[in-house]
Amino acid sequence: MLIVEQLQKSTVESLTALFSQTFTEKDFQVNQTKPEFEGDYTVVLFSLVKSLKLSPGDIGNKLGKHLIENNPSLFTQYNIIKGFLNLTVADAYWMEVLQKNYTDVCFGKKQMNGKKVMVEYSSPNTNKPLHLGHLRNNFLGWSVAEIFKASGYDVIKSCIVNDRGIHICKSMIAWQLFANGATPQSTNTKGDHFVGEYYVKFNDEYKKQVEELITAGKTKDEAEKEAPIMKATQQMLLDWEAGKPGTMELWQKMNSWVYAGFDITYKTIGSDFDKMYYESNTYLLGKKIVEEGLQKSVFNKEADNSVWIDLTEDGLDKKIVQRKDGTSVYMTQDIGLAQQKYEEYKIDQSIYVIGDEQNYHMKVLKLIAEKLQLPNAKNIYHLSYGMVELPTGKMKSREGTVVDADDIVDEMKKVAQEKTEELGKVKDFTVDELTTLYHTIGLGALKFFLLRVDPKKKMIFNPEESIDFHGFTGPFIQFNHARIKSILRKSIVNGESSIVSGELSVISGQSSAVFLPLEKELIVALEQFPTIIQQACDEMNPSAIAIYVYNIAKIFSSFYNEHSIANAETEDKKQLRLHLAAMTANVIKSGMGLLGVEVPERM
């Protein structure tokens, strides 16, 4: 049991014994003591004043005395500052934490709890490459999935591929018109980029045709509807839904090019999935549910044959679920997939990692699922995140608007190489080792920078700022991990030393405390790792892990600059610091692992 949990439990027991009333952990707050005050943890007393009809000072004195008398192995002293009871935790407790956990690479992770969670992320369209927004989505979804795993859940990582619809037909029509039989192989182009170029060509041609029709006397609205390339695209969508052989063959061929490209990107960025869903398979199930919804009067059919749901009584508006020509909309597919996920996996929670521009869509989806009484509808959760942008003028893509994920990753490796070479500490690395290192630093910097911000907030990604070996960055943490591993290679951690028996000698001329202030600060912070994982899980917020691991690296850096490990005052002190270093390295590696960031052994 962690010290916070023990303090909460002991405080409930002491209050009950002292005041003959029933108390719970919700009746008071426990916080870490502020650095300017003496103590490790603080019980906030104000909420107890009314029920006990005593001053905070009186409550604090009675409670502090009782806690120490009844928990001598946990608490050694207390002080009261206004309404705050500050308690000092016994060094023996911190020593026990260190002894038990310094080699435990699973420290902080929980046993399986029997609950299943599905995390859906990435959700690409098969008409263009992954872009910067997809990177935040992938990193966030992957990390949340790993955090849930660490918290004891059985997790299924899923991806819905938007492989059909009008946007896919646009690339297909453009390829027919302009490709002259070209392929990714014949042009030496990555598949997703190749298909994306034809999506751009479609838009260029469409704009040109619209302008020509307007010049010929059509209104803008008429021109947009009557442009030949758009009419051909709409016909292709109908042909696809009818299963026309030539259309299906082209669709499968172009999608296969895109999937080959996606696979390369996913492998590069470390994204993986347990289950792939395809809209081309799920939209039919959605159409079936629409029919059932009509029978239940959840939906209504308009005169033009389109199907809608009226959500005005729920504070929303009317939403189309099927077009007048019988073709599907995104909502149709999402309704079908929501049911399919539950039927296949009997999940307890279904998490959708989707940008905040879809907040309304997801609100409607959950509401429709509830009205249709789909199983587990109430446990649909939209993990909404803000858009990510680049500083003006940086890393523009070939289209000049959206930045490709592949281009960003390549740029990050390049910046990592430049920054590392400036430091001049890698002269003994082989070419292969350097290639791996630049990838690890570059991708680590990218992931950490995108995950260190609360998902709900919009953010600006600055490649140069993200690879700073001294700031709130992945490379700073990676550097400290590598530094620790270097120390541990040079000095042996002795498992049989006096630290294991708890008989650490006291250094002459120093305080009788086993831990010096920075050593104590480090072990107190390390012990909080399980709490941080649980917090990140509860909030579905990897930034809690990022902030925590950065603070651990920062505390270790201060500790290392202040105290020698190799030339410690005594052998016992050296072993204490080596044990602290070993546990710090494990926590950093584990925490960064939950973010999908690798930490090198050497830098």
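Reader: Which side chain meets lysine 190 in a salt bridge?
Author: Aspartate 192, with 3.0 Å from N to O. A salt bridge here is a side-chain nitrogen of Lys or Arg within 4 Å of a carboxyl oxygen of Asp or Glu. This is a predicted model, in which local features need pLDDT of at least 70, side-chain atom pairs count only at pLDDT 80 or more, and totals for chains, interfaces and linings use all residues. Residues are numbered from 1 along each chain as its sequence is written, and side-chain values use heavy atoms, without hydrogens or water.

Reader: Is aspartate 192 buried or exposed?
Author: Aspartate 192 counts as buried because its relative accessibility is 0%. The cut-offs are under 20% relative accessible area for buried, over 50% for exposed, and partly exposed in between, with a 1.4 Å probe and protein chains only.

Reader: How many salt bridges does the structure hold?
Author: The structure holds 27. One of them joins aspartate 314 and lysine 371, at 3.2 Å from N to O. That pair links distant parts of the chain, 57 residues apart: aspartate 314 is in the loop between strand 9 (307-310) and strand 10 (318-322), and lysine 371 is in helix 14 (residues 359-371). Helices (H or I, at least four residues) and strands (E, at least two) are DSSP runs, numbered from the N terminus. Aspartate 314 is partly exposed at 38%, and lysine 371 is partly exposed at 35%.

Reader: Which residues are linked in a network of salt bridges?
Author: Glu146, Lys149, Lys157 and Asp272.

Reader: Which glutamate forms a salt bridge with arginine 602?
Author: Glutamate 433, where the closest N and O atoms are 3.7 Å apart. Arginine 602 is in the segment after helix 23 (571-594) and glutamate 433 is in helix 16 (residues 431-451), 169 residues apart. Arginine 602 is partly exposed, with 30% relative accessible area; glutamate 433 is partly exposed too, with 33%.

Reader: And which ring does arginine 602 lie over?
Author: Phenylalanine 429, at 4.1 Å from the ring centre. A charge sits over a ring if NZ of Lys or CZ of Arg is within 6 Å of the ring centre and within 35 degrees of the ring normal. The charged end of arginine 452 sits over phenylalanine 449, 4.1 Å from the centre of its ring.

Reader: Rings, then. How many aromatic pairs does the structure hold?
Author: The structure holds 20. In one of them, phenylalanine 107 and phenylalanine 529 have ring centres 6.4 Å apart and planes at 40 degrees, so that pair is tilted. Rings of Phe, Tyr and Trp (its six-membered ring) pair if their centres lie within 6.5 Å; planes under 30 degrees apart are stacked, over 60 edge-to-face, the rest tilted.

Reader: Where are phenylalanine 107 and phenylalanine 529 in the chain?
Author: Phenylalanine 107 is in the loop between helix 4 (91-101) and strand 5 (116-120), and phenylalanine 529 is in helix 21 (residues 529-539), 422 residues apart. Phenylalanine 107 is buried at 9%, and phenylalanine 529 is buried at 0%.

Reader: What kind of pair do phenylalanine 194 and tryptophan 257 form?
Author: An edge-to-face one, 5.4 Å centre to centre with 90 degrees between the planes. Phenylalanine 194 is in helix 8 (residues 191-215) and tryptophan 257 in helix 11 (residues 245-269), 63 residues apart. Both residues are buried.

Reader: Switching to the sheet: what is the order of its 5 strands?
Author: The order is 7-6-5-11-12, in an open sheet with parallel pairing. Strands pair if DSSP finds at least two bridges between them. Strand 7 (275-278) and strand 12 (380-385) are the edge strands. Strand 5 and strand 11 (residues 349-355) are joined by 4 bridges.

Reader: Which residue in strand 11 is the bridge partner of valine 117?
Author: Glutamine 349.

Reader: Last topic. What is the phi of lysine 53?
Author: Near 55 degrees, which is positive in a residue other than glycine. Most residues other than glycine have a negative phi. Lysine 53 is in the loop between helix 2 (46-52) and helix 3 (56-70), and is exposed at 71%. Methionine 540 also has a positive phi, about 50 degrees, but methionine 540 is buried at 6%.
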